[in-house]
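I opened this entry to keep a record of what I looked up, element by element, and of what I found each time. The sequence and the coordinates come first.

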Amino acid sequence: MDKATRFTLSVKITFVILLILFFLPIYTGLTDNGFYLDLVNRLMILAIAAASLNLILGHGGMISFGHAAYLGIGAYCVGIPAYYGVDNGPLQIFLAVAASGIFALITGAICLRTKGVYFIMITMAFTQMVFFGFVSVEEYGGDDGLVIDTRSNFGSFINIEDNINLYYFILISLIICLFLIHKITRSRFGLVIEGSRSNEQRMRSIGFDTYRYRLICYVIAGCICGYAGALLGNFTNFISPEMMDWAASGELIFMVILGGTGSLLGPVFGAAAFVILEEWLSSLTLYWHFIFGALLIMVVLFARGGISGIVTYLGNRKQ
Amino acid sequence: MDWVLFVTQMLNGLQLGVLLFLLASGLTLIFGIMDFVNLAHGSLYMIGAYFCGTFTDITDSFLYGIILAIPATAVVGVIVEIIIIRRLYSQNHLDHVLATFGLILCFDALVHFAWGPEGMAIPLPAILDGQIEILPDIVFPTFRLLIITTGLTLAIILYLVITRTRSGMLIRAGASNRTMIGALGIDIKTLFTLVFGAGAAMAGLAGMMISPITEASIGMGNDIIIVAFVVIIIGGIGSVKGAFIAAILVGFIDTMGRSFLDTFLKLLLSAESAETAAPALSAMLIYILMATILIFRPQGLFPPRGR
């Protein structure tokens, strides 16, 4: 079976999803149901974050248990300027991406010197550091979080105070980010990253400075997730350190694994499944975390390919 | 600097240190022998605290509460190991992390279901509820002193068990070459289960000892477990000696930072900026310590030999 036929099912699904996403605001506008719009907004933002995590986790084999830090940093880069009355959108976005990049560069330089379990725990610890840092800064709300009064201002380009505009802004962002990640993974750079996951020693002996490649990849993933964080701040109009709680990082990994690490759309499926499951289970019972946790264990024990693995399997079987 | 406050805070730091050691020693043993990352170790800390609360209620005695709660927590650990953890040993670290993260969610929900959303205060018996004058002018809560002595005693016992007994020898052998001791005819499956149970008991004991001070609450293990990770990273994963030294170090630095960093910063900065910087910086201090140590020693201070 060649690659093209295996691709068809997921291409079809992508097309259908995009079609639905583009017309969703019209449907919710007609039925006056803002709830679904909010749900999909959250889903798309988390999908960007999960896709950026997949870049390092799935393609690079770097298991970061601290990716939610960038969501928080990005969101605070919208919130703190807004707190001082600066609502310049491009500036905030730039700040979010730059601050995330710098944080990723500094922590990545240390984390990537280590391997395996050390890497998992250190990424976790650094995120906890940022978490406690923001918890103890009283000026920006500390534990209670910070309310963002005004969303990012993009002048006459787009007014995201309007929820429908924000929706399309997030949707376009998602498509651009996915496209970017697709390009990265298909590039020479992406192949080096992939290669150093499967056999770092070999890549090094061919002459690649794998440490540098991995660090750059780590920074790119941080920047993309920081951007997602800026969107999240705009969407929720509120930031709290809780966003970068280590449970939040765990949830991002769950999304990636749930969707399947191998493919571009895996994290999107994963984020969708996660948000929908969360919404559905929490309406079902107060103790929904139990079902959620049990499900997580089941996925690890029995369903290693994730959702995109199932899609590939079905696509193969139909032929 | 206030001398009395300084000594009191030193003791508080020591107390945090021994608690961290109780958690970290289990974590580091489980990792050292089974190559298993257990995020849910903090849940056993929480379970221990809740068990202790319930048994104290029933028996009306904190001592009996602890005596009953330790084996109960160990049993929970053993059951979890047999049902879930055992199936994960052969899988990779990512799977360990995910599955034990799932376990945390399950444990938190179960505790919520069994004990309700509010915390559980655990009353101390009158003898432990007072204060002792340990040095002239320096009074320290009796119970905290008890925590320190218990923790240090356990550290010594653990040291003796690991260096002087046959099971300790198996543990050391397992940490340096798992496959080999299996090939020599040792029943590693049972060894793993027992070590996991012992780790659970120690984590549970840490929870029991802290709960009269802070009360038992849902998610109480989730914050301290990260600090325990910092401890075993600094100490070198798999090394009990490293875990002990790092635990005491982290305990001291964290406590001292929180109480004296603002005084110290005022020497360097203006009073106002010291006031704002100190809380954030002291909260981040142990992570900065970890990062600094890792720059020079990526494997921690005492990396175990043979891996």
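The notes below follow the order in which I looked things up.

**Entry 1: the contact between the chains.** I began by noting that this is a predicted model, and then turned to the place where the two chains meet. The contact takes 37 residues from chain B and 37 residues from chain A. On the side of chain B that touches chain A, the elements that give two or more residues are α4 (93-115), α9 (220-235) and α11 (271-296) of chain B. I then asked which of these gives the largest share, and found that α4(B) does, with 17 residues. Sorted by class, this side of chain B comes to 30 nonpolar, 4 polar and 3 charged residues.

**Entry 2: B:C106.** B:C106 counts as buried because it has 24 C-beta neighbours inside 10 Å, where 20 or more are needed. Leaving aside residues up to four places away in sequence, I found that B:C106 touches A:F290, A:G293 and A:A294. I also took one distance for orientation: B:C106 and B:I66 are 40 residues apart in sequence, and their C-alpha atoms are 24 Å apart in space.

**Entry 3: B:I47.** Next I went to helix α2 (residues 41-59) of chain B, where B:I47 has its place. Is B:I47 buried or exposed? I counted 27 other C-beta atoms within 10 Å, so B:I47 is buried. With residues up to four places away in sequence left out, B:I47 touches B:T73, B:V76, B:F107 and B:G204. From B:I47 to B:D187 the separation is 140 residues in sequence and 29 Å in space, C-alpha to C-alpha.

Entry 4: I then followed strands β1(B) and β2(B), which run antiparallel and are joined by 4 bridges. I wrote down two of the bridge partners in β2(B): B:I138 for B:L135, and B:P141 for B:Q131. The hairpin has 2 residues between its strands, and B:D137 takes a positive phi near 75° there. Why does strand β1 (residues 131-135) of chain B lie largely in the open? Of its 5 residues the number buried is 0, so I have noted the strand as lying largely in the open.

**Entry 5: helix α5 of chain B.** I looked at helix α5 (residues 142-164) of chain B, which has 23 residues and reaches 32 Å from its first C-alpha to its last, close to the 33 Å expected at 1.5 Å a residue. Its buried residues are B:F143, B:R144, B:I147, B:I148, B:G151, B:A155 and B:L158. As a reminder to myself, an α-helix has 3.6 residues a turn, so residues three or four places apart point the same way. What covers the buried residues of α5(B) includes α1 (3-34), β2 (138-141), α8 (188-214) and α10 (240-268) of chain B.

**Entry 6: positive phi in loops.** I checked two residues of chain B that have a positive phi without being glycine. B:D35, with phi near 55°, has its place in the loop between α1 and α2 of chain B, and it is buried because 20 other C-beta atoms lie within 10 Å. B:E215, with a positive phi of about 70°, lies in the loop between α8 and α9 of chain B; it counts as partly exposed because it has 15 C-beta neighbours inside 10 Å.

**Entry 7: a helix pair in chain A.** Finally I examined helix α4 (residues 89-111) and helix α9 (residues 210-236) of chain A, whose axes come within 7 Å and cross at roughly 145°. The crossing of α4(A) and α9(A) is right-handed. Among the residues that make this contact I noted A:A96, A:S100, A:F103 and A:A104 of α4(A), and A:V219, A:G222, A:C223 and A:G226 of α9(A). By class, the contact of α4(A) with α9(A) has 15 nonpolar, 7 polar and no charged residues.

Conventions. Residues are numbered from 1 along each chain as its sequence is written. Chains are lettered from A and ligands numbered from 1 in the order in which they are written. This is a predicted model: local features need pLDDT of at least 70, side-chain atom pairs count only at pLDDT 80 or more; totals for chains, interfaces and linings use all residues. The expected span of a helix is 1.5 Å times one less than its number of residues. A residue is buried if 20 or more other C-beta atoms lie within 10 Å of its own, exposed if 12 or fewer, and partly exposed in between; C-beta atoms are placed from the backbone. Two residues are in contact if their C-beta atoms, placed from the backbone, lie within 7 Å. Ala, Val, Leu, Ile, Met, Phe, Trp, Tyr, Cys and Pro count as nonpolar, Asp, Glu, Lys and Arg as charged, and the others, Gly among them, as polar. Two strands pair if DSSP finds at least two bridges between them. Axes are lines fitted to C-alpha atoms, for helices over the stretch in contact, and angles run from 0 to 180 degrees between N-to-C directions. A crossing is left-handed if the near helix is turned anticlockwise from the far one by less than a right angle, and right-handed if clockwise.
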